[in-house]
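Okay, thanks everyone, I'll keep this brief. Have a look at the model on the screen, and I'll walk you through a few spots.

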Amino acid sequence: MADVKLSNIKKSYGDTPVLHGIDLDIKHGEFVVLVGASGCGKSTLLRLIAGLEEISSGELCIGEQQVNALPPAQRGIAMVFQSYALYPHMSVFKNMSYGLKIAGKDKAFIDAKVRDAARILHIDHLLERLPRELSGGQRQRVAIGRAIVRDPNVFLFDEPLSNLDAALRVKTRVEIGKLHKELGATIIYVTHDQVEAMTLGDKIVVMNQGRVEQCGTPLELYQHPATRFVGGFIGSPKMNFIDGKVTAIGPDHIEIQLGNGCRSRACVEAGDLKVGDSVTLGVRPEHIEECSNAGTALSGMVTLVERLGEASFIYLTLDDGTEIVVRGSGESTVTTSERIEVSFAPHSAHVFDSSDRALRRLQAGNVHSTAQLAELKAVAQESI
């Protein structure tokens with residue numbers, strides 16, 4: 001089994017700490033994506049797992065073995081780099097087989113492993129070519145093939161698609177997803193692209209300034225971001241944020257007065273909030289509708305419209321100067337400098353307190369509010 005367990009992992013360069021106690025449990029066969037902005041520590045964490053950097057403190061286990069002091073070759077890992085790192089004078093076959101040759105494997109074994117990996121990656125017709133005769137996507141598949149032939153316990157990917165153009169990035173992303181299903185391997189994948197993270201990962205680890213901000217499935221992070229940072233990082237375009245103050249608290253909602261004087265209702269649990277507290281309202285662009293009478297209405301001036309065919313991104317400046325993005329229909333007729341009104345439903349709103357922590361959101365479709373649940377429990381106890 002190739003479980004990976006990180007316990008209070010810290011890393012410092014001299015007196016400068018860059019990782020502040022990372023705890024992660026990665027199960028065998030999981031596809032885990034480390035995602036975050038540049039400088040958040042995700043690549044450093046991957047290099048610690050690979051053994052390319054020394055852990056300052058904490059414990060790293062792969063399988064049942066603590067590997068802090070083990071060299072990379074003894075950890076049962078294989079790493080795919082952003083830069084491909086292929087030998088330019090060697091054919092594809094020799095690049096893929098080199099590690100096995102150094103390990104002393106016999107020719108028949110090497111030939112079988114390389115050709116099987118090449119078949120899986122659809123590069124079996126390229127085995128005699130040199131790297132300079134390949135496209136970027138083909139070179140990346142060779143780099144992945146070189147990792148596959150080693151039968152590692154864990155695959156490590158360090159931003160493998162960054163050097164590819166947009167169309168090829170999508171194609172290769174799909175191939176990596178299929179490869180994971182076929183191999184059933186444990187994969188730890190680093191990227192700064194949240195779309196890659198959402199489409200590939202079974203589990204996403206959002207990192208921020210050397211700490212884990214939130215860990216969960218793609219839908220958990222999208223629907224229930226734990227902090228304002230996660231809410232703004234996951235989703236494209238990012239979540240809109242509007243400052244306001246709490247004016248009323250109900251059993252299954254709070255009411256907020258926004259900076260433009262508009263009142264909004266959000267279906268969240270108030271927790272420790274009090275009337276008068278400052279909060280931030282978060283609404284995703286795809287949850288805001290043009291010219292709808294449902295929910296909270298906001299008005300503003302259109303500053304830009306991006307037409308993508310299937311959708312239109314409408315950039316709107318509200319009356320108090322707050323800028324938001326609305327994902328409208330591809331058939332939207334809104335134009336720049338037009339004044340429009342948009343709205344969102346209370347159940348689609350997120351609320352973050354003054355410390356940027358999210359309040360628990362009550363989704364649409366929840367049959368019972370908090371008050372209703374309490375009433376149901378009381379009735380149930382009376383009937384016993």
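Predicted model: local features only at pLDDT ≥ 70, side-chain atom pairs only at ≥ 80, totals over all residues.

Let's start with a quick one: is cysteine 262 buried or exposed? Cysteine 262 is buried, since its relative accessible area is 17% and the cut-off for buried is under 20%.

Staying with cysteines, how many disulfides do we get? The count is zero. Just to be clear on terms, a disulfide is a covalent bond between the sulfur atoms of two cysteines. The rule here asks for a pair of cysteine sulfur atoms within 2.5 Å. Now take cysteine 61: the nearest cysteine sulfur belongs to cysteine 215, and that is 18 Å away, so cysteine 61 is in no disulfide under that 2.5 Å rule. Cysteine 61 also counts as buried, at 15% relative accessibility.

On to the annotation. UniProt, in an unreviewed entry, lists residues 4-234 as "domain: ABC transporter". In the model that span is 37% helix and 26% strand, and its end C-alpha atoms lie 25 Å apart.

Next, a helix pair. That's α2, residues 92-102, and α3, residues 107-121. Their axes come within 10 Å and cross at roughly 135 degrees. Why call that oblique? Because roughly antiparallel starts over 145 degrees, and roughly perpendicular covers 65 to 115, α2 ends up oblique to α3. The crossing of the two is right-handed. If you want to look at the contacts, α2 brings Phe93, Met96, Ser97, Leu100 and Lys101. Over on α3, the partners include Phe109, Ile110, Val114 and Arg115.

Most residues other than glycine have a negative phi, and most peptide bonds are trans. Histidine 122 sits in the loop between α3 and α4, with α4 being 136-148, and counts as exposed at 52% relative accessibility. Then there's aspartate 356, with phi near 70 degrees, in the loop between β20 (350-352) and α9 (370-382). At 35% relative accessibility, aspartate 356 counts as partly exposed.

And where's the cis peptide bond? It runs from serine 236 to proline 237, with omega near -5 degrees. Proline 237 is in the loop between α8 (228-233) and β11 (240-249).

That's my tour, over to you.

Technical notes: Residues numbered from 1 in each chain as written. Heavy atoms only, no water. UniProt positions renumbered as here; feature names shortened; annotations may be inferred. Helix = DSSP H or I, 4+ residues; strand = E, 2+ residues; numbered from the N terminus. Buried < 20%, exposed > 50% of the residue type's maximum accessible area, 1.4 Å probe, protein only. Axes fitted to C-alpha atoms, helices over the stretch in contact; angles between N-to-C directions. Parallel < 35°, antiparallel > 145°, perpendicular 65-115°, else oblique. Left-handed = near helix turned anticlockwise from the far one by under 90°. Contact = heavy atoms within 4.5 Å.
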